[in-house]
Amino acid sequence: MGKVRIKQIRSSIKREKSQKDTLIALGLRKLNQVVEHEATPQILGMINKINHLVEVEK
């Protein structure tokens, strides 16, 4: 599997707790922060859950 770069582009303020927890689980804590993960099914599912808050680069 390849790597994916995930950048937080929208704030987690006024979001559901599960979406906030997903951002933290991915390692995103601040706006414009970028993290890199392996493209596993678990990570892709997390990205899909918060796709309106992040920008993904393969």
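This briefing describes the sheet, the helices and the nonpolar core of one protein structure. The model is predicted. Its three strands form an open, antiparallel sheet in the order E2-E1-E3, and helix H2 packs on that sheet. The largest nonpolar core has twelve residues.

**The sheet**

- The order of the strands is E2-E1-E3, and their pairing is antiparallel.
- Strand E2 (34-38) and strand E3 (54-57) are the edge strands, since each pairs on one side only.
- From one strand to the next, the twist averages 25 degrees.
- Strand E1 (residues 3-8) pairs with E2 in the antiparallel sense over five bridges.
- Within this part of the sheet, Val 4 stands opposite His 37 in E2.
- In general, the strands of a sheet pair through backbone hydrogen bonds, either parallel or antiparallel.

**Helix H2**

- Helix H2 comprises residues 41-49 and touches E1, E2 and E3.
- The direction of H2 makes about 25 degrees with that of E1.

**Helix H1**

- The buried residues of H1 are Gln 19, Thr 22, Leu 23 and Leu 26.
- Seen down the axis of H1, these buried residues fall within an arc of 100 degrees, so they line one face of the helix.
- The buried residues of H1 pack against E1, E2, H2 and E3.
- On the other side of H1, Lys 17 and Ala 25 are exposed.
- Gly 27 follows H1 and has a positive phi, near 95 degrees.

- Thr 22 lies in helix H1, which spans residues 17-26.
- The relative accessible area of Thr 22 is 9%; a residue counts as buried under 20%, and Thr 22 is therefore buried.
- Not counting residues up to four places away in sequence, Thr 22 touches Met 46, Lys 49 and Ile 50.

**The nonpolar core**

- The twelve residues of the largest nonpolar core are Val 4, Ile 6, Leu 23, Leu 26, Leu 28, Val 35, Ala 39, Ile 43, Ile 47, Ile 50, Leu 53 and Val 54.
- E1, H1 and H2 each supply at least two residues of this core.
- Ile 6, one of the core residues, is in contact with Leu 26, Leu 28, Gln 33, Val 34, Val 35, His 37, Ile 43, Ile 47, Val 54 and Glu 55, leaving aside its neighbours within four places in sequence.

Notes. Residues are numbered from 1 along each chain as its sequence is written. This is a predicted model: local features need pLDDT of at least 70, side-chain atom pairs count only at pLDDT 80 or more; totals for chains, interfaces and linings use all residues. Side-chain values use heavy atoms; hydrogens and water are left out. Helices (H or I, at least four residues) and strands (E, at least two) are DSSP runs, numbered from the N terminus. Buried means under 20% relative accessible area, exposed over 50%, partly exposed in between (1.4 Å probe, protein chains only). Contact means heavy atoms within 4.5 Å. Two strands pair if DSSP finds at least two bridges between them. Axes are lines fitted to C-alpha atoms, for helices over the stretch in contact, and angles run from 0 to 180 degrees between N-to-C directions. The arc is that of the directions from the helix axis to the C-beta atoms. A nonpolar core is a set of buried Ala, Val, Leu, Ile, Met, Phe, Trp, Tyr and Cys residues joined through side-chain atoms within 4.5 Å.
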